[in-house]
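Work through the exercises below with the sequence and the 3D view open. Try each task before reading its solution.

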Amino acid sequence: MLPLQPPSLRTLKAADPPSTEPGIPLITVSESLPTPGEKEQHFGELSKPTRLAIQAEAEVWLTITDKAERLRFSQMMNPGDTYHVPDEPGLKLTTANAEALLLNLDGKALPKLGKAGQVLRDKPLDSLRKP
């Protein structure tokens, strides 16, 4: 018994050239796809300078909530993406990979918040902004 496959797949071999029949367009795929971090994005407070910026060093999910537990930011960030943290009290950070985040306060690098794969839940950001 033959396996159930569409007829076109049973007869198609890897070495077969692409279709050149009239009316069937040839579709090609670009070999140079953008790599993560190639076009880094900026999120958060962009209209004015902020003291604290969080940059992704690897692909990482970042969530920021405020003191009323409202979601302020929640996104998968790619390497090079930066979240500019609004200068307001009571914001908290949650992530599943603390080591993937680079923090800068007033343009100076801060120590890592944790190790690879370390989960942080509701980490207060106020403690990072102390003068």
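The exercises cover confidence, the sheet, the core and the aromatic rings.

This is a predicted model: local features need pLDDT of at least 70, side-chain atom pairs count only at pLDDT 80 or more, and totals for chains, interfaces and linings use all residues. Residues are numbered from 1 along each chain as its sequence is written, and side-chain values use heavy atoms, with hydrogens and water left out.

**Exercise 1. Find where confidence is lowest and where it is highest.**

Start with the average. pLDDT is the predictor's confidence in each residue, from 0 to 100. The protein averages 79, and 70% of the residues score at least 70. Helix α1 (residues 7-11) is lowest, at a mean of 43, while β6 is highest, at 97. Helices (H or I, at least four residues) and strands (E, at least two) are DSSP runs, numbered from the N terminus. Last, check residues 1-19. Their pLDDT stays under 50, and the model gives them six contacts beyond four places in sequence. A contact means heavy atoms within 4.5 Å.

**Exercise 2. Give the strand order of the open sheet.**

Read across the sheet: the order of its four strands is β4-β3-β6-β9, with antiparallel pairing. Two strands pair if DSSP finds at least two bridges between them. The edges are β4 (71-77) and β9 (120-124), each of which pairs on one side only. Now look at one pairing. Strands β3 (residues 60-65) and β6 (residues 92-95) run antiparallel and are joined by four bridges. Across this pairing, I64 stands opposite L93 in β6.

**Exercise 3. Which residues have the most contacts inside the largest nonpolar core?**

Define the core first. It is a set of buried Ala, Val, Leu, Ile, Met, Phe, Trp, Tyr and Cys residues joined through side-chain atoms within 4.5 Å. Buried means under 20% relative accessible area, exposed over 50%, partly exposed in between (1.4 Å probe, protein chains only). The largest core has 22 residues, and I54, L62, I64, Y83, L93 and L125 have the most contacts inside it. Then follow L62. Not counting residues up to four places away in sequence, L62 touches residues including I54, F73, Y83 and L93.

**Exercise 4. Why is the pair of F43 and F73 tilted?**

Apply the rule. Rings of Phe, Tyr and Trp (its six-membered ring) pair if their centres lie within 6.5 Å; planes under 30 degrees apart count as stacked, over 60 as edge-to-face and the rest as tilted. The ring centres of F43 and F73 are 5.5 Å apart and the planes stand at 50 degrees, so the pair is tilted. F43 lies in strand β1 (residues 42-44) and F73 in strand β4, so the pair ties together parts 30 residues apart in sequence. F43 counts as buried at 14% relative accessibility, and F73 is buried at 8%. Finally, ring pairs link F43, F73 and Y83 into a cluster.
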